[in-house]
Amino acid sequence: MARSGMQTLIRLHRWQLDELRRRLAPLESEREILVKRGLSLLESLDRERHAVAAGNGTPADLQSFKDRVMFEHERIGEQLARIEQSVEQLREQMAEAFQDVKKFEITEERRRANEHREMLRRDQLQLDEIGLSGHFRRGLEDSKSDP
């Protein structure tokens, strides 16, 4: 593949990898928000338990609040599971994209190394030819000068 073609391919795959990273960031933020919301719900349940224990409310109120908190906590858990699944899929896609980028980069590095070796080989052939020509010329000049 031509030099610019391989560079274009590398840029394309890097761009795809960056796009996957951009898609992953909001999911991770949403996951963090949901985890905090879940923890906040459990903390509010603890505060409510302490309030009822201190005489501010009835056990029936606590049970009603607990049912509502547990329902919401389950809903958050379901949302977290969906997000986790999406995050996992994106991470797998990112791993594949990263492997593709690395594969193309390694291929490009090898191509460049081969080009460099070939250039050095050609240069050496030219130098060898120049050296041989000079040697033969000197040999001819020496044979002409020997009577």
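User: Why does Arg122 count as partly exposed?

Analyst: In this predicted model, Arg122 has 49% relative accessibility. Exposed requires over 50% and buried requires under 20%, so Arg122 counts as partly exposed at 49%.

User: What makes the contact between Arg122 and Glu118 a salt bridge?

Analyst: The closest N and O atoms of Arg122 and Glu118 are 3.4 Å apart. The cut-off is within 4 Å, so the pair qualifies as a salt bridge. The two residues are four apart in helix α2, which means about one helical turn separates them. Glu118 is partly exposed, at 25% relative accessibility.

User: How do you know whether Glu108 is buried or exposed?

Analyst: The relative accessible area of Glu108 is 2%. Buried means under 20%, so Glu108 is buried. Its salt-bridge partner Arg112, with closest N and O atoms 3.3 Å apart, is partly exposed at 45%.

User: Which residues are linked with Glu108 in a network of salt bridges?

Analyst: Arg111, Arg112 and Glu115 are linked with Glu108 in that network. Within helix α2, Arg112 and Glu108 are four residues apart, about one helical turn.

User: Why is the pair Lys103 and Asp100 called a salt bridge?

Analyst: The N to O distance is 3.7 Å, and the rule asks for within 4 Å, so the pair Lys103 and Asp100 is counted. These residues lie three apart in helix α2 (residues 59–145), separated by about one helical turn. Lys103 is partly exposed at 47%, and Asp100 is partly exposed at 26%.

User: How many salt bridges does this rule give?

Analyst: The count comes to 15.

How values were computed:
Residues numbered from 1 in each chain as written. Predicted model: local features only at pLDDT ≥ 70, side-chain atom pairs only at ≥ 80, totals over all residues. Heavy atoms only, no water. Salt bridge = Lys/Arg side-chain N within 4 Å of Asp/Glu carboxyl O. Buried < 20%, exposed > 50% of the residue type's maximum accessible area, 1.4 Å probe, protein only.
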